[in-house]
Amino acid sequence: MDCKEAADEVDKTVTVMEKREPSQSQPGCRDGCKDVGAGCEDVVKKFQLSRLMLPDDANFMGNVHGGIILKMIEEAGSIIGTRHCNTQNGDRCLAALVRVEKTEFLSPVFIGEVVHVSAEITYTSKHSLEVQVKVIAENILTGAKKLANKAALWYVPCSLQNVDKVMEVPPIKYASPEKEEEGRKRYEAQKIGRMETKARVEEPMPLRPNLERHTVGFSQSSLIHLVGSSDCTVVDFVYGGVAMKLMDEVAGIVAARHCGTNIVTASVDAINFHCKIRKGCVVTVTGRLTFVSNRSMEIEVLVDADSLVDRQTGKYRAVSAFFTFISLDKENKPLNVPPLKIEGDDEQKRFEEGKSRYLQNKTRRLAEKERQQ
Amino acid sequence: MDCKEAADEVDKTVTVMEKREPSQSQPGCRDGCKDVGAGCEDVVKKFQLSRLMLPDDANFMGNVHGGIILKMIEEAGSIIGTRHCNTQNGDRCLAALVRVEKTEFLSPVFIGEVVHVSAEITYTSKHSLEVQVKVIAENILTGAKKLANKAALWYVPCSLQNVDKVMEVPPIKYASPEKEEEGRKRYEAQKIGRMETKARVEEPMPLRPNLERHTVGFSQSSLIHLVGSSDCTVVDFVYGGVAMKLMDEVAGIVAARHCGTNIVTASVDAINFHCKIRKGCVVTVTGRLTFVSNRSMEIEVLVDADSLVDRQTGKYRAVSAFFTFISLDKENKPLNVPPLKIEGDDEQKRFEEGKSRYLQNKTRRLAEKERQQ
Amino acid sequence: MDCKEAADEVDKTVTVMEKREPSQSQPGCRDGCKDVGAGCEDVVKKFQLSRLMLPDDANFMGNVHGGIILKMIEEAGSIIGTRHCNTQNGDRCLAALVRVEKTEFLSPVFIGEVVHVSAEITYTSKHSLEVQVKVIAENILTGAKKLANKAALWYVPCSLQNVDKVMEVPPIKYASPEKEEEGRKRYEAQKIGRMETKARVEEPMPLRPNLERHTVGFSQSSLIHLVGSSDCTVVDFVYGGVAMKLMDEVAGIVAARHCGTNIVTASVDAINFHCKIRKGCVVTVTGRLTFVSNRSMEIEVLVDADSLVDRQTGKYRAVSAFFTFISLDKENKPLNVPPLKIEGDDEQKRFEEGKSRYLQNKTRRLAEKERQQ
């Protein structure tokens, strides 16, 4: 049974609680155990993770992004889940997330606060386990604490030998038969939830049309990035180097999509930075193939900035440049690049321009070589 | 004159070299100075930056991304440029990048190598300066060194009081009149280069059609992310939390585009992780508004994974979820959200479904409240 | 002999200086060499690393975290150490941090400043080497430079083939026999220091939550970090600097909880790295107040590592140290610290020990001051 199937059907049998000796359930629990947070009995079932919120974790108003909280919740869940699933014999395994229940953000969290995420295993079936997580945000200056989030996550243990193999989950002890019964109900409910959404997965993907390989449209790619504190100078405009890194990232994805191999940046044409990009902006970085020779790909990259909040500024082109990539084999030797399928006059025009840049560079390089000899 | 104009016309006058006393030019240069790299005379003109290359800096084959090198080059340039421009009286200023000359990646760089970026100011005009940068990659195990890149960057100093005000650049001393003349030629050449590309900037932006505000298409957003080492478990599949963070990021951009205010995540519907996403994949995360109430926006987020190299796996839907965002004013109080302009039957259908989820949640919340009273 | 033993007993024999040809000691030192910082002869013994301080490196008041400085110090040390240990034949190896001598933060560092870390190898024994590091912070706007830190670190070279095998260290040339003799004394002193702290390693730290302000339990804090790729060397053990950064983070949270003000790291007592921490481990970093004077807080920090998957290794104490923090007002002037409410004999004992460390340091500082006058 592979991970996906397991996640879908999970376990039909109801797990029977067995009596477990403490020594069996915490095989690794020796002298060092007392050191880490809770007492020996709970160390496997409970877990807490804390972190200080930094400027990059928040938007321009200081509100910590929900995504940062979700990421911490899942980190806690995957640690406690992995730890629990390795408390018995058998292959070593990792807990892989298969579902997060609906979750609400109850209070905003701010930069400078410490976020505490406490996770507890609350139900185990044969092949899955439920982790409930509570998120507390603490203002360490005033001592004030608030409940920021509560979440429930479902994990399945995947073997380290073969991540598609789902392992069995050691059962937990419940405080009472009622607790176990409640857990079983949640377990049944999530199974139904999963099935309902399964249909959605198969839905056609309207967002990226399935174009013909090796056309310009096939490899064209675009990313958006919300400009954060660490992208900016002290007077809140983006470092040129940050923009260039994003441009190279998009160009690399375009190149890899075109040739499906390991690719590296070979050169970058002159880049002009026409306008400053300010903190809080969203930048859209788009790359498309303009020209392909036997051994190289030229990708035009455009950077558009958009101040979401300041409507006066609106959207504007901030930077543009041509990146050249080459394709490499496993010994880092250059490979041939598939030819580009041109469609329409605009693409043809850009191809011709790219070819002329390519030939100019070639001539220039040859001239330099001769001069050096 | 604002920064952009300055960068375009830069200075028509040729700067006259003045004799400068060392004591004036390095006001802060006292006892500690010897410690900072080169000797006192060179400290303003030269600068070196070194860093160890980590897994996150490279692709799945261990090749360091060109963008990482470009970012280091620009960091060195902006430090040396800023330092130089503040060696005279007048407003404090920051060097802002306006142009990078064509640059070539001469040797691949790998994880575990130390990259040394040395920057030197090689020309100054009245309002701009040229920094030449050399990048050496050193294998600290074998001692082997290779030249990885050479680049030339142009900066203009922008006042900290008003970043749109361009300051004057203190002149440098040249080793010989020939060196100065060569620099002036490069300066004239880049001015012509800048003008040529200026035309491109005004070109229509074909990539994001100029849609009507408050439609679904207007705020729809999509990002791509190349899965790196830090996104993954030890067996190289993406943490669920990493995916959720990207989803929240896209949903937040959609919400901010729709209402142009500070927005925060209010809740996330159950998320199912259907398939594992592997290291080296490109994930495309797309968000679009499905439903808007007076005070909230529901955004559907789809995550598609695409193994660029493994053609067998191809592209697949890995996760999907509904995020709900609210809009906040400066006191973190909820604001009204502009209504959504629906176009076509598909959008109408998704709107109705979203509305029914919204009403269900409302009913559930009211019931919970009553129970608690 | 494994790494830990080596670190404990290190080498009993005194190394005999051999004549080394420059061509042997710098195998990779060819034409490209001039470009890398110092001249050819010194390139192995000296190394400099520089970086601009970003918002994420600092707290909400703009003070750069001591942990960021410690991490840079260790990066420089591990680069120069690894480079040096590979200048002879034999297995390729990595320098692993085993000890940091007591270090003091002499001036606060702020966002936007450039930090220069210069490292130099100052002593070599048969199986270990000492790196001395100087940290200069430069305000590139005013040109002002200040000495921010001075540190000494001890490394042992571990074979890449088998990271538990300790290699021999090529000897360095000393400027004078006196320099060598001084180094030997520091080497003997650190060996004694290491033995003394060995006892501490086994001590547990129970969690004692307490809601009353200014008690030890009130401010005790703990964070958990899952070790990822970018925390690790190419042979998958954690960089010492990564551990120190986490320790400083926890100590800072403890200090802020106790006094509710802006706090900064003032000094760190000698840190011994008893065991390697491997990729995939979970580290729990716990901090608690041990002693408080009028103007400073001493925080004991313990780092426990736990392999979630490998039950053989189990949980173990990897590092422990004492951090001293001070509280600052808005003008960065020291504030009084609230007294610590001691509960029970253990806390009292630790308080007395902390007090005696505090008084020793005070005496030492006064003696140094007098000597300088």
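The dialogue below takes up one interface and then the relation between two copies.

Tutor: Keep in mind that this is a predicted model. The size of an interface is often given as the accessible area lost when the parts come together.

Student: How much area do chain B and chain C bury between them?

Tutor: About 3,400 Å² is buried between chain B and chain C, and 61% of it lies on carbon and sulfur atoms. Chain B brings 44 residues to the contact and chain C brings 42 residues.

Student: How many salt bridges and polar contacts are found across this interface?

Tutor: Two salt bridges cross between chain B and chain C. One of them joins B:E138 to C:R83, with the closest N and O atoms 2.5 Å apart. There are also eight residue pairs in polar contact.

Student: Which elements of chain B supply the side that touches chain C?

Tutor: Strand 1 (46–52), helix 3 (66–85), strand 2 (93–100), strand 4 (114–124) and strand 5 (129–138) each supply at least two residues. Strand 1 gives the most, with six residues. By class, this side of chain B has 21 nonpolar, 14 polar and nine charged residues.

Student: What rotation superposes chain B on chain A?

Tutor: Two copies of a chain are related by a rotation about an axis and a shift along it. Here the rotation is 180°, with 0.0 Å of shift along the axis, and chain B then superposes on chain A with an RMSD of 0.1 Å. The two copies are therefore related as by a two-fold rotation axis.

Student: Which C-alpha of chain B is nearest the axis?

Tutor: That of B:L223, 2.0 Å from the axis. Both copies use the same surface, as 100% of the contact residues of chain B recur in chain A.

Conventions. Residues are numbered from 1 along each chain as its sequence is written. Chains are lettered from A and ligands numbered from 1 in the order in which they are written. This is a predicted model: local features need pLDDT of at least 70, side-chain atom pairs count only at pLDDT 80 or more; totals for chains, interfaces and linings use all residues. Side-chain values use heavy atoms; hydrogens and water are left out. Contact means heavy atoms within 4.5 Å. Buried area is the accessible area (1.4 Å probe) that two parts lose on being put together, summed over both. A salt bridge is a side-chain nitrogen of Lys or Arg within 4 Å of a carboxyl oxygen of Asp or Glu. A polar contact is a pair of N or O atoms within 3.5 Å; within protein, one must be able to donate a hydrogen and the other to accept it, and residues adjacent in sequence count only if both atoms are side-chain atoms. Helices (H or I, at least four residues) and strands (E, at least two) are DSSP runs, numbered from the N terminus. Ala, Val, Leu, Ile, Met, Phe, Trp, Tyr, Cys and Pro count as nonpolar, Asp, Glu, Lys and Arg as charged, and the others, Gly among them, as polar. Copies are superposed by least squares on the C-alpha atoms of residues with pLDDT of at least 70 in both.
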